[in-house]
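Please read it alongside the sequence and structure shown here.

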Amino acid sequence: MYIMQLVAITMSCSIVLKEKGFKLTPQRRLILEYIHDKESHLTAEDILHFVESRAPGVNKSTIYRTLDLLVAAGCVLKNEVNGHFIYHHAEEGHHHHLICRSCGKNIDCGESIFADVKEAISAEYGFEADLKHMVVEGLCHDCLSKTGKY
């Protein structure tokens, strides 16, 4: 089942890339499979180390350009967390992160948490917000309680 799911996701990205005039090169396939296989957020350095271990000699700039292409094509999502870009497969679903700026704790939350915000933006500004993968920084419950504010 897992292999079939990975092939289906790789194929869907292959179709997206083809529709946009790009090929699913071995490097692109390797990066996509790794991002999907990890089922977690990865930094560019994580991906770089993996690709270098599997395909020595691949230029670092090729990996960064491939990540930018996959983001632009909508196959991969990219966000900045604590000064680092993180990547994850777009088909893993939309979710958001609450990042504690004190201890670094990462709390995943569902897409529905920003539903009211999205609706308010639409009603107030006539603007359809793309809230696929938000990162919100603040203080977690533990750190907030240490300040005496909670």
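## Basis

This is a predicted model, in which local features need pLDDT of at least 70 and side-chain atom pairs count only at pLDDT 80 or more, while totals for chains, interfaces and linings use all residues. Residues are numbered from 1 along each chain as its sequence is written, and side-chain values use heavy atoms, with hydrogens and water left out.

## Nonpolar core

The largest nonpolar core has 23 residues. Such a core is a set of buried Ala, Val, Leu, Ile, Met, Phe, Trp, Tyr and Cys residues joined through side-chain atoms within 4.5 Å; buried means under 20% relative accessible area, exposed over 50% and partly exposed in between (1.4 Å probe, protein chains only). Ile 31, Ile 35, Ile 47, Val 51, Ile 63 and Leu 67 have the most contacts inside this core.

Two or more residues each come from helix 1 (2-19), helix 2, helix 3 and helix 4. Helices are DSSP runs of H or I, at least four residues, numbered from the N terminus. Leaving aside residues up to four places away in sequence, Ile 63 touches Ile 31, Ile 47, Leu 48, Val 51 and Val 58 (contact: heavy atoms within 4.5 Å).

## Aromatic pair

The structure holds one aromatic pair. Tyr 34 and Phe 50 are stacked, at 3.9 Å centre to centre with 5° between the planes; a pair needs ring centres (Phe, Tyr, or the six-membered ring of Trp) within 6.5 Å, and stacked means planes under 30 degrees apart, edge-to-face over 60 and tilted the rest. The pair links Tyr 34 in helix 2 (residues 26-38) to Phe 50 in helix 3, 16 residues apart. Both Tyr 34 and Phe 50 are buried.

## Loop residue

Asn 59 lies in the loop between helix 3 (44-54) and helix 4 (60-72). Asn 59 counts as partly exposed because its relative accessibility is 45%.
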